[in-house]
Amino acid sequence: RESDHRAWTPVSYTVTRQNATVQGLTEGKAYFFRIAAENIIGMGPFTETTKEIVIRDPITVPDRPEDLEVKAVTKNSVTLTWNPPKYNGGSDITMYVLESRLIGKEKFHRVTKEKMLDRKYTVEGLKEGDTYEYRVSACNIVGQGKPSFCTKPITCKDEIAPPSLDLDFRDKLIVRVGEAFSLTGRYSGKPAPKVTWLKDYTVVKDDDRTKIKTTPTTLCLGILKSVREDSGKYCVTVENSTGSRKGFCQVNVVDRPSPPVGPVIFDEVHKDHMVVSWKPPLDDGGSEITNYIIEKKDAHRDMWMPVTSATVKTTCKIPKLLEGKEYQIRIYAENLYGISDPLISDEMKAKDRFRVPDAPEQPVVKDVTKDSAVVVWNKPYDGGKPITNYIVEKKETMATRWVRVTKDPIFPGTQFKVPDLLEGCQYEFRVSAENEIGVSDPSPPSKPIFARDPIAKPSPPVNPEAVDKTKNSVDLSWQPPRHDGNGKIIGYLVEYQQVGDEEWKKANLTADSCPETKYKVTGLTEGLTYKFRVKAVNAAGESEPAYVPDPVEVKDRLEPPELILDANMAREQHVKAGDTLRLSAVIKGVPFPKVSWKKEDREVSPKADIEVTGVGSKLEIRNTVHEDGGIYSLTVENPAGSKTVSVKVVVLDKPGPPRNLQVSEVRSDSCYLTWMEPEDDGGSVITNYVVERKDVASAQWVAISSSSKKRSHMAKYLIEGTQYLFRVAAENQFGRGPYVETLKPIKAIDPLHPPGPPKNLHHVDVDKTEVSLVWNRPDRDGGAEITGYLVEYQEDGADEWTKFQTVPMLDCVVTGL
């Protein structure tokens with residue numbers, strides 16, 4: 001019944017379960033309900049609901065919140081956002097519950113105690129390095145709904161992202177003077193990067209014309225009213241703890257050039273034209289100079305006349321001038337961006353202003369010899385025209401006539417070697433300069449000189465030393481002086497002094513008695529110590545002495561033998577048979593050692609030529625044979641010791657004969673040959689074997705293999721019944737050795753075997769002393785015709801068989817039994 005009605009309305013009479021669905025109710029109205037049980041006897045009392053029930057859709061807890069996201073992470077905080085549940089459970093959301101769980105723990109803990117309705121929250125006070133996961137639940141009047149899906153594990157640390165840089169400008173930028181320009185771009189990175197602007201590696205700072213603006217995501221450098229000095233390489237650097245990015249722009253602020261650099265130089269002045277030159281502008285305005293504009297004007301008039309605007313050189317010919325008039329020249333530089341201010345010259349009169357050169361100053365003479373001298377002078381003023389030639393003249397001091405030393409031009413050098421002087425004569429020299437106008441006056445004459453080779457005393461000899469000594473002599477050696485004083489070295493003077501004495505004694509009286517750079521000082525006393533010195537002598541006299549560094553004690557020298565091996569005494573020496581073997585070595589030692597050659601510790605072959613000189617020894621064997629190989633030793637010996645060296649000599653020859661030639665497996669058309677390698681391979685690897693055969697009835701050997709490296713060969717294609725001989729030889733790179741031959745002929749036949757046993761042996765007659773036997777032929781004859789049958793008998797119980805006889809037929813009568 002409705003709550004405001006008294007009458008009850010039945011709902012159902014057929015309910016047998018303990019529940020029922022009541023339909024047809026009105027939403028928003030309040031109802032009471034009652035239930036009674038009924039059986040066959042009748043209906044029991046009703047039970048009624050205690051309070052009215054308002055009809056509306058049921059209210060539940062809300063669904064899960066949606067899209068839980070992590071928006072920011074630092075080392076001690078996490079910022080999260082989420083969206084409301086798709087369904088609020090039929091009641092408004094009253095608050096959200098945010099929970100977190102430390103990874104490694106089981107339970108979630110509520111993050112906030114206060115009531116939270118915002119869908120964004122920053123969890124603070126976290127510990128750096130800890131890892132958490134989060135979930136959020138929605139609450140309504142009914143209660144708390146299911147939590148959202150968990151976030152991924154979040155570790156507390158500052159977010160890091162390397163810088164990125166996106167520029168709006170290109171590598172190069174050209175700007176006109178006075179215009180503004182800006183360099184802009186975007187950047188990002190975590191932590192927030194630092195932005196730095198550089199120009200030509202210098203930090204750019206804000207000023208009246210330079211504006212730098214940086215936001216968290218954009219960057220800008222602007223320059224107002226640019227000037228030439230703003231040109232350069234600009235660099236923006238975006239940098240944080242993870243790295244840096246750079247962007248570059250070459251800015252060129254361009255303008256018209258500055259004026260050409262003066263003064264204007266008049267390189268040539270003539271009555272009808274001039275040649276002028278200048279220097280390029282100090283500043284080309286940032287763009288290459290395309291041309292110069294040259295104008296001229298009469299110095300007493302105001303009108304400028306064009307000469308040319310096409311020249312790119314810094315020189316120009318000014319034509320069409322009137323002789324005697326004064327002119328001014330003005331020059332502009334031009335580039336793509338404009339024309340410079342002018343450079344204006346001084347006034348210059350159009351007239352020829354050239355003359356012959358001035359006379360050169362007095363020349364100097366040097367490097368005089370008996371027939372030549374070098375004359376040197378300075379270049380005089382050229383009179384306005386380039387000097388094209390110099391004229392050098394000579395004269396003997398007592399003569400009056402000057403003579404040119406050469407008809408050839410002398411230019412551009414300012415010195416000349418005068419040839420063909422007469423030895424002993426005295427000469428003077430003078431020089432004139434010539435240009436296209438004419439020849440100058442001659443210079444003052446040089447100082448007189450005599451034509452002769454200058455000679456000075458030589459420098460001392462170099463590195464004198466005592467190279468040998470005996471009990472009464474010392475051998476000295478030295479090198480020639482570095483300077484001979486321009487005179488031939490006549491010879492050397494050698495002097496010696498006993499240590500303790502003051503007087504030096506001459507070992508030779510005249511220099512020409514010692515023309516070589518060595519000398520043996522004799523007549524010395526054994527056991528005394530001497531000093532030595534040497535002087536060089538030329539026509540000008542004796543040089544300063546050169547001293548042997550240390551005093552020398554006079555006594556016989558003992559030096560142990562020393563062997564300096566030639567290349568042919570290396571550890572192993574190879575020589576081809578028939579060639580000549582040479583072994584040699586340089587021998588040193590005092591006294592000179594005794595020399596002996598051995599081969600394998602025995603005397604060498606009589607055919608060996610042995611030569612011993614004062615400096616070494618040589619062994620030579622002509623037409624070597626293989627037996628000359630072996631180990632040769634050279635021994636040198638003196639009282640101070642001995643020394644021995646050995647060399648293994650290998651005489652390279654053809655190999656010896658192969659060994660142990662055997663023939664086996666003989667057939668009617670083939671046989672198998674085997675052999676062993678030669679005892680002597682001739683000192684070189686055996687490359688192959690040559691195998692030949694010969695019919696015994698033939699004189700001709702036939703090769704059946706010439707390249708086999710194996711030590712065996714199957715000889716094929718033999719003719720059955722023919723007798724053959726075989727032979728084998730070895731080859732190496734020096735040729736073919738001797739053959740080894742089979743000892744007896746080999747007949748080409750298949751091998752014979754014993755025949756098979758006769759078949760079907762039985763007796764056909766028996767007497768008291770004899771038995772008649774018959775049998776059949778065997779299955780195989782063994783490769784040859786059967787020549788007979790051997791008959792044997794044996795007494796029963798005995799061990800031995802007794803031969804009776806051999807018969808040719810298939811029957812036999814055995815008698816004597």
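**Salt bridge notes**

I began with Lys607, which is partly exposed at a relative accessible area of 36%. My cut-offs, with a 1.4 Å probe and protein chains only, are buried under 20% relative accessible area, exposed over 50%, and partly exposed in between.

A word on the source: this is a predicted model, where local features need pLDDT of at least 70, side-chain atom pairs count only at pLDDT 80 or more, and totals for chains, interfaces and linings use all residues. Residues are numbered from 1 along each chain as its sequence is written, and side-chain values use heavy atoms, leaving out hydrogens and water.

Next I looked up the partner of Lys607: its side chain meets that of Asp628 in a salt bridge, 3.1 Å from N to O. I count a salt bridge when a side-chain nitrogen of Lys or Arg is within 4 Å of a carboxyl oxygen of Asp or Glu. Asp628 is buried, at 7% relative accessibility.

Then I turned to Arg186, which forms a salt bridge with Asp166, the closest N and O atoms being 3.0 Å apart. Arg186 sits in strand 14 (residues 181-190) and Asp166 in strand 12 (residues 161-167), so I noted a link between distant parts of the chain, 20 residues apart; strands are DSSP runs (E, at least two residues), numbered from the N terminus.Both ends are partly exposed, Arg186 at 37% and Asp166 at 40%.

Last, I checked the overall count: the structure holds 29 salt bridges.

Conventions
Helix = DSSP H or I, 4+ residues; strand = E, 2+ residues; numbered from the N terminus.
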